[in-house]
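Visitor: I would like to learn how to read salt bridges in a protein model. Where do we begin?

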Amino acid sequence: LAVPAGASTLALENLNSVVIIGAYGGDHIGDAAILGGTLIGLHRRYGVTRATVMSGRPEHTRRLAEGISKPVSIDVAPYQARAVKLALASADALVLGGGPLYGSPRVLARHLAAVASARSMGLPFIVERIGMSRFGDPLTRRAGRHILRSAACISVRTSGSARHPLLHGLNVEVGRDPAFDYLAGREVLDRLPSTDAAEVESLLAGSEGSLKVGINLRATHDDWQDLSDLSQDTVDPDFMQKLAHGLIAFARGSRRPVTYVYFPMNAIQLGMSDLSAAYELRRAVRGAVDLRVWEADPSLDGVIHLLRQLDVAVAMRFHGAVFALTQNVPLIGLDYFAGGGKVSELLTDVGRAEDACEVTNFSPDWQVQRLTVRASGTESRVEAL
């Protein structure tokens with residue numbers, strides 16, 4: 001925080017090589033789509049051909065990167081101050097690329113060090129289509145503001161993020177999440193593993209003629225879970241019961257048989273796995289509906305391949321929603337932030353605010369009503385609860 005604030009005076013012209021920082025290192029396949037879209041955007045706008053991605057878990061990020069088609073060659077390095085300085089020594093700019101900026105002291109400290117290193121070398125700092133999340137105390141807000149004030153240019157992924165208090169008075173461009181850029185170009189799934197294709201075929205076996213509703217949930221509790229005990233609730237039990245009731249009611253009122261297909265975006269993330277939520281949902285419906293769970297760590301193209309065979313999607317994860325929208329799957333969004341968060345912002349920006357609901361305000365009747373509307377093109381109907 002002692003480093004003078006302000007953007008570098010170096011003009012943004014052709015940038016051959018960049019260092020990318022962000023929230024990379026989780027298990028979320030949305031990270032792969034974010035990275036792919038960020039690389040596409042940097043290549044188109046600045047001519048970038050080479051990038052070093054700083055990651056909290058380099059080996060995992062390398063695996064995700066292998067699953068994307070990209071116009072830029074990349075290296076992956078640990079997100080540590082020494083490694084950032086080394087990478088910046090042969091780079092033309094530092095980029096905070098995609099994902100959220102949020103009030104984690106540890107992450108903000110890394111970002112501050114990276115920005116300070118870039119400034120000491122006279123390199124420009126670019127903030128590329130990020131989301132703005134919650135900052136819980138004055139110190140993290142000060143750190144976040146310092147990072148943003150240091151940028152030569154700033155773009156965010158939703159209009160809601162552009163109104164964040166930390167961006168007040170700064171010149172901000174509103175774009176869309178980088179994942180949109182990548183997913184929009186996936187006409188041919190050239191990175192689809194044969195194992196994923198076979199698993200999707202097995203998952204959907206016998207569902208011909210049924211209305212297929214995809215479901216993706218995430219933990220609503222912020223604390224990490226012990227995966228050795230899957231009886232622990234990761235999703236609020238009251239919400240889960242309401243969700244199960246709505247799914248059962250919709251299936252019972254549908255003219256066509258309904259098959260619910262649960263797909264994970266975050267299969268293994270340190271106790272906050274989407275699959276934990278899937279098993280909780282399975283317990284909640286008690287066998288009253290046809291619920292199938294994709295018990296795998298699917299690839300990016302694997303999830304797209306599945307989505308293209310669904311009629312409707314219900315998504316709690318932001319990138320589960322983004323994936324569905326890019327594949328023209330009618331979407332119902334569940335926002336886990338009280339007061340509205342990124343899922344609500346996303347659907348508002350695409351003109352579909354009525355299809356988003358906060359978990360705290362969720363009701364089975366709302367779910368049945370939205371499923372009825374979004375499935376209307378597939379000749380389904382629902383009777384009153």
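Predicted model: local features only at pLDDT ≥ 70, side-chain atom pairs only at ≥ 80, totals over all residues.

Visitor: Are Glu-128 and Arg-129 buried or exposed?

Guide: The cut-off for buried is under 20% relative accessible area. Glu-128 is buried because its value is 2%, and Arg-129 is buried with 8%.

Visitor: How many salt bridges does the structure hold?

Guide: The structure holds 16 salt bridges. Another of them joins Arg-62 to Glu-59, where the closest N and O atoms are 2.8 Å apart.

Visitor: Where do Arg-62 and Glu-59 lie?

Guide: Both are in helix α2 (residues 58-66), three residues apart, which is about one turn of the helix. Arg-62 is partly exposed at 30% relative accessible area, while Glu-59 is exposed at 61%.

Visitor: Which parts does the pair Glu-354 and Arg-374 tie together?

Guide: The side chains of Glu-354 and Arg-374 meet in a salt bridge, N to O 3.6 Å. Glu-354 is in the loop between α13 (342-349) and β14 (356-358), and Arg-374 is in helix α14 (residues 364-374), so the pair links parts 20 residues apart in sequence. Glu-354 is partly exposed, at 39%, and Arg-374 is partly exposed too, at 22%.

Visitor: Which residues are joined into one network?

Guide: Arg-352, Glu-354, Asp-355, Arg-370 and Arg-374 are joined by salt bridges that share partners.

Visitor: What pLDDT does the protein chain average?

Guide: The average is 91, and 91% of the residues score at least 70. Over residues 379-385, however, the pLDDT is below 50.

Terms used. Residues numbered from 1 in each chain as written. Heavy atoms only, no water. pLDDT = per-residue confidence, 0-100. Contact = heavy atoms within 4.5 Å. Salt bridge = Lys/Arg side-chain N within 4 Å of Asp/Glu carboxyl O. Helix = DSSP H or I, 4+ residues; strand = E, 2+ residues; numbered from the N terminus. Buried < 20%, exposed > 50% of the residue type's maximum accessible area, 1.4 Å probe, protein only.
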